[in-house]
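Reader: I've got a new model open on my screen and I'd like to learn how to read it. Could you walk me through it, feature by feature?

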Amino acid sequence: MHDPRHDTPQGRHTAAAEDPPTTRIPRVEPGTGGGAAPSPEPGAPAPERMPTMLEQMGGLPGIVASTIPVLVFVVVNVATDLTTALWAAIGAGVLVLAWRLVRRDPIMPAISGLLGVGVCALVARQTGEARGFYLPGLLYSAALGIAALVSVAVRWPLAGVIWHAVNSRGMEWRRDPVLLRAYGLATLIWGVIFVARVIVQGALYLADAETWLGVTRLIMGYPLMAVAILATVLIVRRAENRRPAAH
């Protein structure tokens, strides 16, 4: 039925008041400049964290376990003979790998350690001398020492190159003189450690002091690496803190 109130101006205003228009709020897509970015959806996976160097090496248990084959070789070689010591070292490496598999720990440190022990055992077997077990490590330290010192001389310090390559940060740090000096000093510390290994262990190798050679390899192994890592972290962190003041 027709309502005459709607034909008058007052009736039209009354109808408008009774039926207000619906206000639409425009939707802002993420990343289009419409304000703060929305919070992540509940249950969304968190961004992956880059594992630290210690974690990549298997943590403290992995570092300790990687020294077991060399320790076994030193002890068994003193107590028995070269052949028994070689098989004992290889067996220790296999047991370390199996142990990490059972615990579901990272196995790459154990695999690389087992391969290293295998190479050392092969050299010792071919030379027929217990000191041959340590020859690959001596050559490896010599190569790393030379590479570290040369990289500092050409202003491409390996500490910075490796760190920024692993973390995909590019090589822009070379334009910063503060960081360049810091990474150069850190690389120099690593180079000195490698050269010291070659000098001390090389002298024992030439003297055919196989037992002391094994003991020295253990002492100048991960303990010195821990010192070098700590020094690198402190040097680079100090350089990072000085950058705002320098610029």
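Reader: Let's start with one residue. Which helix does V233 lie in?

Author: V233 belongs to helix α11, which covers residues 222–246. Keep in mind as we go that this is a predicted model.

Reader: How do I read its exposure: is V233 buried, partly exposed or exposed?

Author: Buried means under 20% relative accessible area, exposed means over 50%, and partly exposed is in between. V233 has a relative accessible area of 38%, so it counts as partly exposed.

Reader: And how far is V233 from Y183, in sequence and in space?

Author: The two are 50 residues apart in sequence, and their C-alpha atoms sit 10.0 Å apart.

Reader: Let's zoom out. How many helices and strands does the chain have?

Author: There are 11 helices and 0 strands. Reading along the sequence, you get α-α-α-α-α-α-α-α-α-α-α. Of the 247 residues, 30% count as buried. The accessible surface is about 16,400 Å², and carbon and sulfur atoms make up 67% of that.

Reader: What share of the contacts links residues 24 or more positions apart?

Author: Among contacts with a separation of 6 or more, 60% are between residues 24 or more positions apart.

Reader: Since it's a prediction, what does the pLDDT look like over the chain?

Author: pLDDT is the predictor's confidence in each residue. Here the chain averages 79, and 72% of the residues score at least 70.

Reader: Now the inside. Which residues touch the most other members of the largest nonpolar core?

Author: The general idea first: in soluble globular proteins, nonpolar side chains tend to be buried together. In this model, the largest nonpolar core has 18 residues, and V70, F73, L82, L86, A124, F133 and Y134 touch the most other members. The elements giving two or more residues to this core are α4 (68–79), α5 (82–103) and α6 (108–127). There's also a second, separate core of 12 residues, which includes V178, L179, I235 and V236.

Reader: Y134 was on that list. What does Y134 touch?

Author: Leaving out residues up to four places away in sequence, Y134 touches V70, F73, V74, E210, L213, G214 and R217.

Reader: G214 is in there. Is G214 buried or exposed?

Author: G214 is in helix α10, residues 210–219. Its relative accessibility is 0%, so G214 counts as buried. Not counting residues up to four places away in sequence, G214 touches V74 and Y134. L204 is 10 residues from G214 in sequence, with 9.5 Å between their C-alpha atoms.

Reader: How do I judge a helix such as α9: what length does it reach, and what is expected?

Author: Compare the end-to-end C-alpha distance with what 1.5 Å a residue would give. α9 has 30 residues and reaches 42 Å, close to the expected 44 Å. At its start, a side-chain oxygen of D176 comes to within 2.9 Å of the backbone nitrogen of V178.

Reader: Pick a residue inside α9 for me. Why does Q201 count as buried?

Author: Q201 counts as buried because its relative accessible area is 5%. The helix it's found in, α9, spans residues 177–206. Q201 touches L138, L213, T216, R217 and M220, again leaving out residues up to four places away in sequence.

Reader: Which residues of α8 are buried, and what do they pack against?

Author: In α8, residues 158–166, the buried ones are A159, G160, V161 and H164. The buried residues of α8 pack against α9.

Reader: Last thing: backbone angles. What is the phi of R104?

Author: R104 has a positive phi of about 60°, although it isn't a glycine. R104 is in the loop between α5 and α6, and at 78% relative accessible area it is exposed. D208 is another non-glycine residue with a positive phi, near 60°. D208 is in the loop between α9 and α10, and its 43% relative accessibility makes it partly exposed.

Methods:
Residues are numbered from 1 along each chain as its sequence is written. This is a predicted model: local features need pLDDT of at least 70, side-chain atom pairs count only at pLDDT 80 or more; totals for chains, interfaces and linings use all residues. Side-chain values use heavy atoms; hydrogens and water are left out. Helices (H or I, at least four residues) and strands (E, at least two) are DSSP runs, numbered from the N terminus. Buried means under 20% relative accessible area, exposed over 50%, partly exposed in between (1.4 Å probe, protein chains only). Contact means heavy atoms within 4.5 Å. Accessible areas come from the Shrake-Rupley method with a 1.4 Å probe; for residues, only the protein chains shown count as cover. pLDDT is the predictor's confidence in each residue, from 0 to 100. The expected span of a helix is 1.5 Å times one less than its number of residues. A polar contact is a pair of N or O atoms within 3.5 Å; within protein, one must be able to donate a hydrogen and the other to accept it, and residues adjacent in sequence count only if both atoms are side-chain atoms. A nonpolar core is a set of buried Ala, Val, Leu, Ile, Met, Phe, Trp, Tyr and Cys residues joined through side-chain atoms within 4.5 Å.
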